[in-house]
Amino acid sequence: MTAASPVIDVHDLTKRYGGVTVVKGITFSVQPGEIFGLLGPNGAGKTTTILMLLGLTDISDGEARVVGFDPVREPLSVKRLVGYLPDTVGFYDHLSAAENLRYTARLIGLPPAEREARIAAALERVGLGEVGTKRVSAFSRGMRQRLGLAEILMKKVRLAILDEPTSGLDPQATVELLEMIKTLKREGVAVMLSSHLLDRVQVICDRVALFHSGNIALMGTVPELGRQILGGGFNVDIEAEGGQLQERLALIPGVSGIEQTGPGRFRLRADRDVRPEAAAAVVHAGAKLYTLSVEAPSLEAIYTRYFETAGGGGERNAA
Amino acid sequence: MRREGSALQGLGVVVLKELSDHLTSARMRVLEWLVVLTAIAALYGAIQQVRDTTAEDLFLYLRLFTTAREPLPSFVSFLAFLVPLMAIGLGFDAVNGEYNRRTMSRILSQPIYRDALLFGKFIAGVVTLSISLLAMWLLVIGLGLLLLGIPPNAEEMLRAFIFLLVTIAYVGVWLALAMLFSIVFKSAATAALFSLGLWLFLTAIWPALATFIAGAVTAGADQATQITVAQALARLSPGTLYGEVIAAVLNPATRSLGPIFLSQMQGAIPGSPLPVVESLMIAWPQIVGLVAGAIVLFVIGYVVFQRQEVRA
C-alpha cells in the first residue's frame, strides 16, 4: 500500500438492524495524516459507522477498506493498525494505568523487550508518567481519556478512531486532549473523530462529514461547507459614517448581500474575507471607518442552519 | 466466509489476566475460606464416624469423602452444594462486567476475536476452581493420613482421582451456566439472581417436583415405569447427575444407579466391591451428561455472545 492511498475508503456502507436502516449507503475516504470529523446528532449513525470500520459489527451492504484491509474478513490486520478510543472509555479499575496498558500490549503481541519502553513513553506523552503505577480507580474522566490515547500511542497505529473524545471533559482537559490529537497528525497518523461538540472540533478537523439520520448530508472543509450552506459564509461588519456606502460596498466582488443593521452599520455577506476591499471602498467613498470585523463561518452556524432547513434536529434514536 | 488468523489468538493472554484477577480477588478469598472450613468440618465428622463404626473396611479412605456425622453433611454433599456457588461467584459477571466497566469495545478493538475472550474467561474460571478443588482434595487425603494413620491403596487413589475429575466437570456446568447468564443479562445483579435462583430450583425443588410430575404423567402405570420416569426427570439437574456419579465412583459396592429387579441381583454377592472400570461403566452416562451439559451451555453462550452488539 502506497503512502498516497487512503486509510479509509468506504463505498455505499449500509447497516440495518432488523428492518431499520441505521446507516444508509455512505461513501467517503480519509487520507493519511488527515483529521476527519464525523459530526451529527446522537443516533445519526456515527458510532455504528465506526464499529463497522473496526469489524466490531457486521456490514449489511457496501464495501469498506481500512488501512488497506477488509474489516469483515481481515479484522485482525485492521485492528493491529488502528487505534480505537470508545465513547466513555473504561479500564480495569483494580489495575494500575501501566498494568492496563501492559494487558493491551500483550493482546497486541508486542515483544516483551519493547513493551515497557513503549508503555513508559506513551504514558509520558499524555502526561500520566507520574501516575502510571496508580490504580485507575482514582483517575478522573480526563485522565482515563488520556490513558485511552496513550493506548493508541503505544500501539503505533496508522489510523486513530476517536468516538466523542471530548464529551464530558472540562474546557481545560478538552484543550489538552485536542492538542494531543494534533500531535498524532504531525506524526502522519490519520485521525477520525466523531463529535456533537462543534466549536471544539472545528479547530482541529481538516475535513468534516455531517451525519443526518444515517446519511452524510454534507462533507468538505469547514469554509467549503460555509459557502455551501450559509450562502456567503463570511459576515463582514462595518461601522462607518458618511458617503454613499451601501452602493459602493455592494460592488465589491464576492459580496452576495448587504444589510443595514443600524445607522452607519452594515453587514456584508461574502464568500471570502473581503475586509481589505471593504476598507478601500469606505475610504474611496470619503467616509470615516470606525469598525471592520469579520465573522468566519462557524460549524455551529452551518450545523444549525442545515438542520433548520432539513427539518428539526434529526431523529433522536438511542445512541 | 473465512476470517483471517486463528480464533484463539490472544487466548493465553486473556487466560493469564483473568486467572490473576480471580486469584487476587476478594471474592475468591471468601469462597476459598468457606470451602476449606466446611471441608475440614465435614472431614472431622467423617473421621469420628469412621473410627467409631468401621473396624475393617477395604475402602476406608473413600469413606472419608462420603461419611456424614450429624449434624454435619458429608464432604461430597458439601461439595455438591458449594461447587455451584463458587462457580456462580466467579462467572456471574464475566461478560456483563466488561460491558459495565466499558472495557469491552476497547478490548475487542485489539487484534483478537471474541472467541479468545470468552474461551479465556471460561478456562481461567475452570483453572481457578480446579486449583482450589485440588487443594481441598489434597487436604482431605493428607488429613486422612494423619488422623487415620493408614495409607490409601492404589484403587482408592484412582477412585478419588476420578472423583476429582468429575467434580471439575461439575464445576464446568455451573460456570458455563453462570457465564451464559452473564452474557444474556446486561446487569450483573440480574445474572447472579438468575443463576442462584436456578441453582436453588435444580438442587432443592426439582428432585421433589420430578417425582410429583412423574406421578402425574404416568398415573396408572406400574411402579417401575413411575420410578424410571421420575429418575429421568430428576437427572435434568446436574446436581442429581453428580450425586449419582459420586455414588458409583466412591462406593465400589454400587451396582446400579436405577431401579433394579430382584431377578437381576441373582448370583450377586451383596456388598462386594466392583472393579474401578465397572464402577465407571455404571456412571458413564452421567459423566458424559455432565460434560455434555457444560459444552451445550457454553455453546449457547458462545453463539449469543458472537451475535451481541458491542455497543451496550
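Predicted model: local features only at pLDDT ≥ 70, side-chain atom pairs only at ≥ 80, totals over all residues.
The pairing of strand 11 of chain A with strand 12 (residues 265-270) of chain A is antiparallel and extends over six bridges. Within strand 12 of chain A, F266(A) is the residue that stands opposite Q260(A).

Chain A contains eleven helices and 13 strands, whereas chain B contains twelve helices and zero strands. Read from the N terminus, the elements of chain B therefore run α-α-α-α-α-α-α-α-α-α-α-α, and the radius of gyration of chain B, 22 Å, is close to the 20 Å that the globule rule gives for 312 residues, so chain B is as compact as a globular protein of that length.

Along its principal axes, the C-alpha trace of chain B spans about 65 × 55 × 35 Å, while that of chain A spans about 75 × 50 × 40 Å. Buried residues account for 39% of the 312 residues in chain B and for 40% of the 319 residues in chain A. Among contacts with a separation of 6 or more, those between residues 24 or more positions apart make up 78% in chain B and 69% in chain A.

## Where the chains meet

The contact between the chains draws 24 residues from chain A and 21 residues from chain B. On the side of chain B that touches chain A, the elements giving two or more residues are helix 1 (11-24) and helix 6 (104-108) of chain B, and helix 6 of chain B gives the most, with three residues. Sorted by class, this side of chain B has eight charged, seven polar and six nonpolar residues.

## Nonpolar cores

The largest nonpolar core has 152 residues, of which L159(A), V191(A) and F75(B) touch the most other members. Helix 8 (residues 154-184) of chain B gives the most to this core, with 17 residues. When residues up to four places away in sequence are not counted, F75(B) touches A39(B), A42(B), L43(B), A46(B), L64(B), F65(B) and V140(B). Another core, of 15 residues, lies apart from the largest one and includes V236(A), I238(A), A240(A) and V274(A).

## A buried leucine in chain B

L241(B) is found in helix 11 (residues 238-250) of chain B, and L241(B) counts as buried because 25 other C-beta atoms lie within 10 Å, where the cut-off for a buried residue is 20 or more. Leaving aside neighbours within four places in sequence, L241(B) is in contact with R235(B), Q286(B), G289(B) and L290(B). L241(B) and G220(B), which are 21 residues apart in sequence, are 27 Å apart in space from C-alpha to C-alpha.

## Two positive phi angles in chain A

Most residues other than glycine have a negative phi. D12(A), although not a glycine, has a positive phi of about 50°, and D12(A) is found in strand 1 (residues 8-17) of chain A. With 13 other C-beta atoms within 10 Å, D12(A) is partly exposed.

E164(A), also not a glycine, has a positive phi of about 45°. E164(A) is found in the loop between strand 6 (159-163) and helix 6 (171-186) of chain A, and E164(A) counts as buried because it has 23 C-beta neighbours inside 10 Å.

Technical notes:
Residues numbered from 1 in each chain as written. Chains lettered and ligands numbered in written order. Contact = placed C-beta atoms within 7 Å. Helix = DSSP H or I, 4+ residues; strand = E, 2+ residues; numbered from the N terminus. Nonpolar A, V, L, I, M, F, W, Y, C, P; charged D, E, K, R; others polar. Core = buried A, V, L, I, M, F, W, Y, C linked by C-beta atoms within 7 Å. Buried ≥ 20, exposed ≤ 12 C-beta atoms within 10 Å, placed from the backbone. Pairing = 2+ DSSP bridges. Rg over C-alpha atoms; globule rule 2.2 N^0.38 Å.
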